[in-house]
Amino acid sequence: MKRFSVFAALLLMAACQSEAPDLKLNDLGYFERQGVNVLVFSNPFSGGFNDEKNSGIEIIHHGVRTVQGGAVRLNVTPEQWDLVPTMTSRVVDTLAQRIEVGMRFDWYDFDSRVVVEPKGKAVEISVYLDKPVPEALAGEAGFNLEFLPSQYWNKAYLVDGKPSRFPRYAVSDTKVRPNEEKVRQFKGYRTYDDRGTGEFIEPLPLSAGHEFLLAPDDPQRMVKVTSESEIRLYDGRMLAQNGWYVLRTVLPAGKTGKVVTWTVEPNAVPGWIREPNVGFSQMGYVPEQPKVAVIELDRKDKVQAKASVWKVEADGSTHEAFSGPVKVWGEYYKYNYAKFDFSALKEPGVYFLRYGDVTTGNFIIDPSVYDKITVATSDVWIPVHMNHMAVHEAYRLWHGEPFKEGYLQAPPSTDHFDLHWQGPTTDTRFKALELIPGLNVGGYFDAGDFDIETGSNISVVMNLITLWEQFRSERDETFVSEEQRYVELHRPDGTPDILQYIEHGVLNLVAQAEQIGHMAQTLSNSVLDNYHHLGDAAGITDGLHYDPRLKPYQKSADGKSSGTPDDMWAFTSRNPGLDLQAATMFAAASRVLAEKNPGLAQRALKQSIRLEEEGTKLMAADTSSRNRRRMNQGGNFSTALQLYVSTKEQKYLDQFTAAVWPALERMPNGAISAALDAVPYMDAAYKEKLRPYVEQYRDYILQLEKDNPYGVPIGLGNWAGGGQVTGFGTTVCNAHRHYPDIIGKEHIYKTPAWLFGCHPYHNYSWVAAVGAARPKQVFYGNNRADFSFIPGNMAPGLLFRQPDHFENYDDWPFLWGQNEGTIAGNTGYLIWGETFRNVEAK
Ligand SMILES: [Ca+2]
Ligand SMILES: [Ca+2]
Ligand SMILES: [Ca+2]
């Protein structure tokens with residue numbers, strides 16, 4: 001009997017294999033079979049800032065997006081800032097099972113079309129031209145498809161049967177070509193410094209042939225690509241660390257009609273079902289809190305009836321400590337979700353979860369689990385991002401002192417690659433490219449890049465002031481000497497770190513106000529070829545003043561200047577709104593720094609008063625509709641509250657109360673956070689009047705539990721929503737603190753669960769080095785070329801790709817929308833962390 005059933009099962013499996021379904025165009029507009037999704041411009045290119053490793057024809061292969069960038073491109077291995085095609089049309093024909101996309105390069109007046117149709121288990125991709133490739137692009141335009149290096153390196157491939165292996169690191173061959181032959185880059189920028197050679201680098205192919213079989217040694221990654229045209233394989237990392245492996249066929253010159261056809265067959269493992277992703281808090285749980293694992297399941301997977309928690313004993317043995325039912329939550333985008341509640345388990349100890357065949361890593365139940373959630377961020381991430389300092393840690397130098405030559409006035413009418421600009425005038429007393437003295441002091445690197453984003457830096461200082469005034473953390477683990485321009489981690493120096501961090505931010509912002517006369521938009525790179533810098537910030541510029549009378553790369557006789565135009569620029573177009581934000585921050589900073597640095601406190605207060613006056617006048621004189629709208633809405637009530645707290649002046653209180661109620665009516669979920677911040681400073685009538693809005697907020701919180709299985713706001717933008725979740729967490733904590741009868745304590749635990757591992761795609765903690773057993777390993781920090789992290793960085797996290805895919809790569813750091821961290825975002829994490837710890841402990 002047993003024997004028969006095994007035989008029957010084998011027979012059934014064989015039948016399934018031979019009858020494995022073909023690729024079909026589904027309702028969401030992509031081709032699908034179990035284990036394989038082929039997307040055709042579900043995510044179009046955008047140009048410039050958007051990384052461009054997210055678009056075109058994409059393949060999600062056994063749950064991982066391993067292929068993208070399928071399109072007509074103008075480079076062998078396109079970089080960010082290389083031209084991308086604009087999608088001019090996209091026709092999804094469900095009846096004919098066919099997607100056709102029109103692509104256009106405006107600059108070259110070059111149109112093409114790509115048609116994708118299923119052929120059994122493969123797709124056929126054809127490129128059509130109505131007019132031949134323009135002469136300037138002959139030999140340059142090609143059909144490209146890009147493969148994720150971290151999923152293919154060290155794996156084998158066959159080209160027309162000849163075996164080879166994907167290189168772990170970029171070490172193939174290149175050639176150089178004259179700059180005149182270089183295809184134009186985005187807006188005419190140049191991503192490379194040619195060192196005066198007049199030449200650009202072009203990678204040479206690793207292999208060429210008509211049939212590529214990629215990763216025959218890994219059934220989940222195996223893809224066969226065939227064509228009658230020659231296909232070449234390139235390594236995009238030769239030019240840019242975020243490059244992918246590229247398969248490419250050059251479009252033939254002088255031809256029209258169907259000019260290139262590829263057949264692409266991604267292997268599907270028979271009977272493959274994605275392994276369940278058991279989401280839980282890697283940080284662990286305090287005994288009394290709710291403990292719910294969210295299990296993300298393939299829709300074809302059968303939900304297990306039960307799951308269990310196992311305890312690790314002191315002698316290393318393990319035993320089942322709890323078992324309970326698994327409850328189906330339902331479908332959310334691509335997957336099905338179920339929940340396992342083990343809140344009943346309260347005994348401190350080391351545990352792990354079992355669901356079906358899945359055994360998770362271990363976690364802790366103990367009253368102390370949240371004690372150190374902010375330490376990595378405040379002791380390491382923040383000081384590592386201090387600009388104009390050398391930052392040391394034990395034997396390691398994080399970075400030397402950057403930008404010793406200071407900042408030049410950005411020339412008028414400059415468009416900038418990091419979304420800044422300089423208007424038609426300088427708005428300062430400086431001429432274009434004149435040195436603005438005194439700006440190379442203090443401040444924080446924005447994110448994975450090295451500019452001082454003024455708005456972010458103002459928020460950072462405000463966040464740090466909030467931390468100091470609310471929680472008074474005297475933690476001292478960082479040595480900061482502004483005189484020596486030297487920071488050393490893990491060396492106490494007798495001064496609370498937060499005060500030193502506030503001082504460091506203010507030093508730059510006050511210098512901006514004093515030297516420029518108002519706030520700069522940003523202090524940023526002048527040339528794209530040093531904007532994408534990876535590694536030590538001290539090496540971004542040569543540290544020497546730029547002197548246009550010298551030749552590029554030439555140094556002056558006194559060794560103080562050079563002809564290399566690498567100096568950073570200050571973008572100084574005046575924005576009175578920014579001046580007013582700075583004024584608020586300076587007022588608060590002068591209060592906080594009065595004792596530590598009375599001179600700086602005085603300077604901050606002086607600038608606060610001046611900017612407040614000038615900014616208010618400028619705003620009143622601004623008749624633009626955007627500004628009128630802002631004034632009609634009663635200005636920024638959050639700022640009014642700050643000013644009231646600092647000055648206790650009635651006029652600010654009046655401004656606040658005049659603005660807060662209309663704002664709560666207009667955008668209840670947006671305004672509730674600042675309205676709650678005010679509760680400690682207002683009377684009982686205010687608190688009572690706010691009550692119905694808090695009730696409304698409770699309804700929103702409960703609605704989130706119905707919207708998605710995790711009960712937190714999940715962002716769908718191209719920058720994932722980590723900051724939104726910490727903002728939500730802080731608001732929920734404050735709502736519970738002031739209105740415990742409306743917002744129950746159970747809600748405050750949703751944010752840490754999400755941050756530390758209970759979320760889609762994988763179950764790693766979003767915070768670098770935080771989350772006991774398994775934090776994420778790679779982040780988009782300035783050390784991303786090393787596939788590393790800067791401790792305490794909170795990743796934006798879960799990135800949504802149209803139409804139904806969430807992802808967070810943990811073997812590939814280079815997508816900023818999922819793996820970067822910003823200075824404002826990470827100080828927002830600190831505020832959430834300290835607020836949560838405070839409310840949690842009560
Ligand atoms: Ca930036
Ligand atoms: Ca210190
Ligand atoms: Ca320089």
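Arg 65 and Glu 58 are both buried. They form a salt bridge in which the closest N and O atoms are 2.9 Å apart. The structure used in these exercises is a predicted model.

**Exercise 1.** State which strands hold Glu 100 and Arg 113, and what their pairing ties together.

*Solution.* Step 1: the side chains of Glu 100 and Arg 113 meet in a salt bridge, at 3.2 Å from N to O. Step 2: Glu 100 lies in strand β7 (residues 98–105) and Arg 113 in strand β8 (residues 110–119), so the pair ties together parts that are 13 residues apart in sequence. Step 3: Glu 100 has a relative accessible area of 16%; the limit for buried is under 20%, so Glu 100 is buried. Arg 113, with 24%, is partly exposed. Step 4: both residues belong to a network of salt bridges that also links Arg 98, Glu 117 and Asp 130.

**Exercise 2.** Locate the two partners of the salt bridge between Arg 475 and Asp 379, and classify each one as buried or partly exposed.

*Solution.* Step 1: the closest N and O atoms of Arg 475 and Asp 379 are 2.7 Å apart. Step 2: Arg 475 is in the loop between α4 (454–471) and β34 (478–481), while Asp 379 is in helix α3 (residues 375–384); the pair links distant parts of the chain, 96 residues apart. Step 3: Arg 475 has a relative accessible area of 33% and is partly exposed. Asp 379, at 5%, counts as buried.

**Exercise 3.** Explain why Glu 820 has no salt bridge, and find a backbone atom that its side chain reaches.

*Solution.* Step 1: Glu 820 is in the loop between α16 (816–819) and α17 (823–840), and Glu 820 is buried. Step 2: the nearest side chain of opposite charge, Arg 784, is 6.0 Å away. A salt bridge needs the atoms within 4 Å, so Glu 820 has none. Step 3: the side chain of Glu 820 reaches the backbone nitrogen of Gly 448 at 2.7 Å.

Note on methods:
Residues are numbered from 1 along each chain as its sequence is written. Chains are lettered from A and ligands numbered from 1 in the order in which they are written. This is a predicted model: local features need pLDDT of at least 70, side-chain atom pairs count only at pLDDT 80 or more; totals for chains, interfaces and linings use all residues. Side-chain values use heavy atoms; hydrogens and water are left out. Helices (H or I, at least four residues) and strands (E, at least two) are DSSP runs, numbered from the N terminus. Buried means under 20% relative accessible area, exposed over 50%, partly exposed in between (1.4 Å probe, protein chains only). Lys and Arg count as positive and Asp and Glu as negative; His and the chain ends are not counted. A polar contact is a pair of N or O atoms within 3.5 Å; within protein, one must be able to donate a hydrogen and the other to accept it, and residues adjacent in sequence count only if both atoms are side-chain atoms.
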